[in-house]
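Me: Hi! Could you walk me through a few spots in this one?

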Amino acid sequence: MSGNPTAGLRERAIAVLRANDRGGYTVPAAGLYPFQWNWDSCLVALGWACFDEARAWREIETLFAAQWPDGMVPHIVFHRDDPGYFPGPGVWATGREPASSGITQPPVAASCVRWMLERARDRTTALAAARRLFPKLLAWHAWFHSARDPEGRGFVVTVHPWETGMDNSPAWDAPLAAVAPPPDLAPYERRDLAHVDAAQRPTRAEYDRYMTLVQLFRELAYDSAEMVARSPFLVVDPATNAILLRADRDLAALAEILGERAALPRIRAWIARAETALPPLLADPGSGLWQAFDLRAGRRLGVRTHAGFLAFLAGLGETRLAATLDRWADATRYALSSVPAGDPAFDRRRYWRGPVWPVANFLIGRGTGESGHVRLAARLRRDTAALVARGGFREYFDPLDGTGLGGSGFGWTAAVWLAWVDQPERDRGSDEAPDPLK
Ligand code: GLC
């Protein structure tokens, strides 16, 4: 890509991953996020795989070394403590080794493992790693489909906004408002505001509720059944469910490749159940956009966020959803805003309430491209390229003027550059399809 504003970005992206490498795991961003985060790590591995495959496999294996005996894979692994972050291992107090949080995150791991295996240049190392990981991936998915879908209804539930990876999404406003901080909520001091402007982060009221849920789960000793039974926050998150369905499909593909056929009937049953349950529960009839469902209030929340476009990644994006995406992208200079411009909840610089997230563009771009909407995929890739070329490997960006926001030297932004933005052919479901933007 020499001779254009993106020249040199590949080397800079590699330098970001190297700088964030803590030996076997990669921190999302030095300072702001000093530990191993679940879905960051899996996506960052895709970046590592572009220049150091062995290191990429190690990233995922390090994450799964922290898997709980019941199959859950925690959202943060605290390999070593760091006073610059709150809430750290002492607050979670899960009693695990290595220390970890007690909730999970969207399960992108199986999809990442499949992509890495299929593209591996060192096939022997890749096959060996995938073989070691397969039973762990299967156990994590089995945990989701049992602990988080105890009645076998075909969708999994989420007990904390942090589990969705989209912490302060406006989708969580109503269910979070129903979480009442107790009078004995332990006093705490946020550390994120030492790194990032408060206007770009969640509010104090949101943090009080995040911590209320953590305190409750700690009191429940992180017993999955109790958490689901007692959490005042209980939602069906479109992102988690779309990502899990996609990951189940990838797990089935892995089972075929690795000769793990005994697992197939079970995985196929999960897929069939989700395919039946998710569209009627989540899809907005007018736009086709998947929207979160509040199980405590018994209603679809009607809040529009970019998470709803992950239906494409799950293979269930309808034609009208592509038209919705087109209009949404047209409303800002840079696509895709996390909340549509003009929506009352739209806040152009506040985290998951408006900014563009390269990592979301990547997942939506993969889904749309594979669903045949190549032009939309190319558009998301092109805008991501423009944002990063302009503002560097930031955590998120202002969709109206492209200003880089949140953390800098961000791992998954660098990985998305390496594994997708820099690889236009990956927009496409089929390698024969021409890229209309070229
Ligand atoms: C924030 C994001 C989450 C991410 C983490 C580390 O909590 O909301 O999705 O995994 O930061 O980057």
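**Helix α13 and beyond**

Reply: Happy to! On α13, exposed Thr319, Arg327 and Asp330 sit on the face turned away from the buried side (exposed is over 50% relative accessible area, buried under 20%, partly exposed in between, with a 1.4 Å probe and protein chains only). Helices are DSSP runs of H or I, at least four residues, numbered from the N terminus. This is a predicted model, where local features need pLDDT of at least 70, side-chain atom pairs count only at pLDDT 80 or more, and totals for chains, interfaces and linings use all residues. Residues are numbered from 1 along each chain as its sequence is written, and side-chain values use heavy atoms, leaving out hydrogens and water.

Me: Which residues in α13 are buried?

Reply: Leu321, Ala322, Thr324, Leu325, Trp328 and Ala329. They cover an arc of only 160° around the axis, so they lie on the same side of α13; the arc is taken from the directions from the helix axis to the C-beta atoms.

Me: And what covers the buried residues of α13?

Reply: The cover includes α14 (358-370) and α15 (374-391).

Me: New topic: where is alanine 199 found?

Reply: In the loop between α8 (173-177) and α9 (204-219). Alanine 199 is partly exposed, at 38% relative accessible area.

Me: What is alanine 199 in contact with, leaving aside neighbours within four places in sequence?

Reply: Arg349 and Arg350, where contact means heavy atoms within 4.5 Å.

How values were computed. Helix = DSSP H or I, 4+ residues; strand = E, 2+ residues; numbered from the N terminus.
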